[in-house]
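Take a walk through this structure, one element at a time. Keep the sequence at hand as you read.

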Amino acid sequence: MSNDAYIYDAIRTPRGKGKPGGGLYEVKPIDLVTNLLEEMKSRHGLDTTQVTDFICATGEPVNEQGQNIAKTALVYSSWDDITVGAQLHRYCAGGLDAVNTVAMKVMSGVESLGLAGGVESMSRLGMGASGAAAGDAWVAMKSYGISQGLGADLLAQLDGFDRKDVDRYAAQSQARAARARDNGYFDQSIVPVRDINGVTVLDHDQLIRPTTEEGLAQLKPSFTTFNEYGHGDFLKFKYPEVETVTCIHTPGNSSGVVDGASLVLIGNKQAGDEQGLKPRARIRTCALTGTEPTIMLAGPAPASQKALQQAGMKRDDIDLFELNEAFAAVVLRFQQLMDIPDDKINVNGGAIAMGHPIGATGAMILGTVLDELERRDLNTALVTLCAGGGIGIATIIERV
Amino acid sequence: MSFIRLESNADGIVELIFDQPGKDVNVMGDEYAEAMPKALDELESMGEGLTGIYIRSGKPGQFFAGGDITMMLEMDLHPTREARSDMLEGIMQAKAPLRRLEALGVPVVVGINGPALGGGFEIALACHHRIALDTPKVKIGLPEAMLGLMPGAGGVVRLVRLLGMQDAVGLISQGKQLTADKALARGMIHDLAASEEEMASKAKDWIKANPSARQPWEESGYTLPGGEPSDPATQGLTYFGPVNVMVQTWGNMPAQQVIMAAVIDTARVEYDTAHMIEARYFQTLLLDQVARNMMTTFFVQMNAMDAGASRPGGIEKSAVKKLGILGAGVMGAGIAFNAAKFGIDVVLKDVTLENADKGKAYARDACEKSRSIDAEKALEILGRIHPTASVNDLADCDLIIEAVFEDRQVKAAVTEETEAVLADTAVFASNTSALPITELAHASGRPENFIGMHFFSPAERMPLVEIITGELTSDEALARAFDLAQQLGKKPIVVKDAPGFFTTRVIGQTITQGQRMLAEGVNPALIENGARFNGSPMGPLETLDSISLETAYHAANQQKADAEAVGEPSDPGPESEVIRVMVEDVNRLGQAAGAGFYDYDEKGKKIATWPGLRDLFAKEGYVNLPFQDIQDRLLFPQVLEAIRILEEGVIGSVGDGNIGSIMGIGFPPHTGGVYQCVNAYGVQAFTQRAKELATQYGEVFEPPQLLLEMAARGKDFV
């Protein structure tokens, strides 16, 4: 019996602006999750007793996102008690890591059907809400961590990208996202968030905005404070060839702060058949790797290469690449290193336009690229993200 | 006689008196560790009869000096795990009596009659009420960090709880020593007294008025001043503080890292655990090479220097009453201000009165800029400086410092002119960074009184004086120059006359390597950062910019002309080509000109290295050298040159070389100086590395004979 792991569905909430007043600010993180749980169940008429586990990633597992939000959400929802859950933290890679983890459970043959996803209410639990082991003074002095945004500025500088390059990319992301939204490319996956009376709270991605390169050029760099207050020198412990870092990343060419959740149903063939589910794609392989942690953002290319190698594939075997737009320079670097044409990567925009709800993003962009494969009737996609500590993650999917 | 005396009064107050036998000052070593628990045993046995404790010193004007550095230097640097465990227990045992003291249940007051530094102030911190004599002799603080250490007897835990993390980390990491009034203002003590009697009486009054005194952090409702580590109000410290420690020290000062961590970590936990955490961090420094380096150089060798190790014996200590200074430029004026500040009358002579007045104006500016000099004090200082254009005004000076141009003829002329009016016994000191003293002394009619005193710019701030004896310089002249340097508050090192003396010769090596690497096509950022990671205050290119490329250019040309004049082949080396290109081809003359190896803004602040350097010296792209090689190429040749100087007998004292290299030319202080850094590296390992560098980067890295011998015999530079 084949233990291939199939994606049966991938859904998400729309992304609300991640600050007080944002479209999902009033919604508790757990309700973002249960909205998706109920939708997944009802959309497919799932017998939830057959779903073993739910891995849910979040970047701030504290307070109302705290402990085990996965099991808490299941208990609070209409799902059967037999389905269990766990919270997962792999920084920005969490959502995709949840997918990979459930896929590996299925591939191992130990489990047959599971859920993966993530949730982040950045408006209610801002970045850093849960503190950080890396924030310890002694640890910090031994680990050479710097502001992630300054790491992006450094990355751009070392790779030779300037402000114009990153703004040009950002404008493209916005244009692509707007076009995709206007043409309804996201409609299949977005599940409107509804309140306790079933009234819609938000049904569209809130952050996409009309943007020009000229407009972007007016924005002030975001990470100068870190650069000037020590981090600009601290990075020299790893990059002594640097004299000064020029800050080029702004709110316009960095990922947006948003709220949102994602959910993916993964299982083997038999479990899907039993529930009458039609597999949308197969997860061919997945990979994790670590890269230099001070710059932190260079993981996607090595992780992707590792995944390609594992799958016995070449770059050209991939039809579409989906790389989380943490910062514009991350994508530019990846494209340069992997030599990927503009029209094969992030074809419907990304986090610069729509936002990056930390723990939810990985599973979200997996769904986005799967939708696009289907729309274009293409076959393979590679999803990848950079994450804290220099982590790189990649997943290769192919339609069946 | 014992370390601690307990004297009971009728009212139940016991005086605990520190009076270490056979010492002028009390120190916290083995004897203290033995005496203090016994004293506590006795105090605890007194029961209800005990109403309070007044702690004071039995030494006149001396409270308690701190830890026993000699003992710490003798500790094994690499003990076994078991020995480390015993060591930790020892640290905790040494802390225990102070914990017992503050928890005795009776008020404890301390009277600080003199310096209370390090361990001394840690004892005071364990008391509920601190009173200090209001005299300038009282100095209060935790200066351990200056020797690469941290307080290990509860000083971190208690100061953090007393003042909050922000204040405590500043006081401890900078090793601040405060006068009694300043300590009062900072909340480190509670009261001042005009006399020992008043102090005792205030202490006893306080004890009677506060029978249930406790430490503030043991009162209910106590909160950490400034906020807990988790409080957003302290995020500036907890987030940026550690990074700043690293970037300000380039990771070279373990004590600074440990202090930052200890301050925050002890603030997170309850009191007894905090003491345990402090002990563990303290232990890392007892086992730290950098601390050993700093204790060796800044304590042992500095004390020897201060005691006159390099000063000829048998000559009575002298003091200059009237100092003559020739040349009122920046150097002369700086020395004049420095001398006047230390109460010496100064005759400041230049060729015109206008020039001499400018020199005095420099002192006026310096007074205005100084926070420690008020208007009254400024008047007093400036009143001691007498500008003149007349050589006759120098007649009754007991010592002359000549600070005119670095030009043999000019120096000879002023020597003759001045000696003509001087008393026969007056010492004539030439301030030069490189001109041979014996040769300059040819202009003198009494070369035995002629000596070199190399001050560093700005003279009023730089702590070092390099004293150079000529062939005929007498011991008497040397002793008097040495005494003057100390009178000026400076550290004197003594060297013999040889080209470049000590400091100029040593620093020249790193500057040369910097230029060579640039010429080879190494990224200038790596060169400059290499020096900074080594612990140097600035990179070789920045140093040369600040000296002026034009000066270096002229010096190189002069050297070439001199060599050719005596028929010697001239080998300018790639470094002079770098200078030539910078000066002749691109007209970038250094910081003063607003453009050198670096670009500078309108205010003269450096921006970054000039991007044009790449086109000039790395047309084909930068050459890849391992960063460690770059760092070593900047550090090793200085050390090897210093060893050659020692080998030649030009410098006689390892301590002078260590201190001179750090205080004169910015050699990395955490290494303990040019010689101590070899000990720390391991003499054999250092020799081996020098050989490797010689193979790759030239004979300047060849280990000198002296080093080879020491490596063979496994001997350290001491």
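B:Gln409 and B:Glu416 are exposed, on the face of helix H16 of chain B that is turned away from its buried side. This is a predicted model. H16(B) covers residues 408-419. Its twelve residues reach 16 Å from the first C-alpha to the last, close to the 16 Å expected at 1.5 Å a residue.

Now turn to the other face. B:Lys411, B:Val414, B:Thr415, B:Thr418 and B:Glu419 are buried in H16(B). They share one side of the helix because they cover an arc of only 120° around the axis. The general rule is that an α-helix has 3.6 residues a turn, so residues three or four places apart point the same way. What do the buried residues of H16(B) pack against? Their partners in chain B are strand E12 (322-326), strand E15 (399-402), strand E16 (427-430) and helix H17 (437-440).

Next comes a sheet in chain B. This sheet is open and has six strands, in the order E1-E2-E4-E6-E8-E11, with mixed pairing. Its edge strands are E1 (4-8) and E11 (191-193), each of which pairs on one side only. On average, neighbouring strands are turned by 25° against each other, direction ignored.

E1(B) and E2(B) form a hairpin, with four residues between them. In the turn, B:Gly12 has a positive phi of about 85°. E2(B) spans residues 13-18 and runs antiparallel to E1(B), joined to it by five bridges. Two bridge pairs can be picked out here. B:Leu6 has B:Leu16 in E2(B) as its bridge partner.

Step across to the next strand. E2(B) and E4(B) run parallel, and six bridges join them. Helix H1 (residues 30-45) of chain B lies across E1, E2 and E4 (52-57) of chain B. H1(B) runs at about 20° to E1(B).

Finally, look at where the chains meet. In chain B, 25 residues are in contact with 17 residues of chain A. Helix H9 (235-249), helix H10 (254-267), helix H20 (524-534) and strand E21 (606-609) of chain B each supply at least two residues of the side that touches chain A. Which element of chain B gives the most to that side? H9(B) does, with ten residues. By class, this side of chain B has 15 nonpolar, nine polar and one charged residues.

Note on methods:
Residues numbered from 1 in each chain as written. Chains lettered and ligands numbered in written order. Predicted model: local features only at pLDDT ≥ 70, side-chain atom pairs only at ≥ 80, totals over all residues. Pairing = 2+ DSSP bridges. Axes fitted to C-alpha atoms, helices over the stretch in contact; angles between N-to-C directions. Contact = placed C-beta atoms within 7 Å. Nonpolar A, V, L, I, M, F, W, Y, C, P; charged D, E, K, R; others polar. Expected span 1.5 Å × (residues − 1). Buried ≥ 20, exposed ≤ 12 C-beta atoms within 10 Å, placed from the backbone. Arc of directions from axis to C-beta.
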